[in-house]
Amino acid sequence: MTISENHPFSGQGTDRLMTVEDLCAYLGVSKDFIYDQVRDGRLLAIRIARQLRFRPLDVDAFVNANVSIARAS
């Protein structure tokens with residue numbers, strides 16, 4: 001199962017924009033982490049009325065780009 005199939009914000013062919021709070025809850029990270037990733041250009045965001053919004057496809061791309069495989073020692 002892919003991330004987008006399991007994504008809480010994509011369904012019935014619509015892509016609801018996620019807020020910073022939505023994204024924090026989805027990824028289990030802090031707002032500071034989100035803002036750092038956007039500022040450093042690693043996470044794409046849309047600015048609407050001075051607030052950041054995130055497309056689920058961009059979030060999925062960010063997650064996929066940061067996958068690491070644990071190596072056994």
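Predicted model: local features only at pLDDT ≥ 70, side-chain atom pairs only at ≥ 80, totals over all residues.
Tutor: Local features here need pLDDT of at least 70, side-chain atom pairs count only at pLDDT 80 or more, and totals for chains, interfaces and linings use all residues. Residues are numbered from 1 along each chain as its sequence is written, and side-chain values use heavy atoms, with hydrogens and water left out.

Student: What makes residues 20-27 and 56-65 helices H1 and H3?

Tutor: Helices are DSSP runs of H or I, at least four residues, numbered from the N terminus. H1 covers residues 20-27 and H3 covers residues 56-65.

Student: How do H1 and H3 pack?

Tutor: At an angle of about 35 degrees, with their axes 12 Å apart. Axes are lines fitted to C-alpha atoms over the stretch in contact, and angles run from 0 to 180 degrees between N-to-C directions.

Student: Why is the crossing of H1 and H3 called right-handed?

Tutor: Right-handed means that the near helix is turned clockwise from the far one by less than a right angle. The crossing of H1 and H3 is therefore of the clockwise kind.

Student: Which residues meet there?

Tutor: Leu-23, Tyr-26 and Leu-27 in H1 meet Val-59, Asp-60, Phe-62 and Val-63 in H3. Contact means heavy atoms within 4.5 Å.

Student: Which residues of H1 are buried?

Tutor: Val-20, Asp-22, Leu-23 and Cys-24. Buried means under 20% relative accessible area (1.4 Å probe, protein chains only).

Key: Helix = DSSP H or I, 4+ residues; strand = E, 2+ residues; numbered from the N terminus. Buried < 20%, exposed > 50% of the residue type's maximum accessible area, 1.4 Å probe, protein only.
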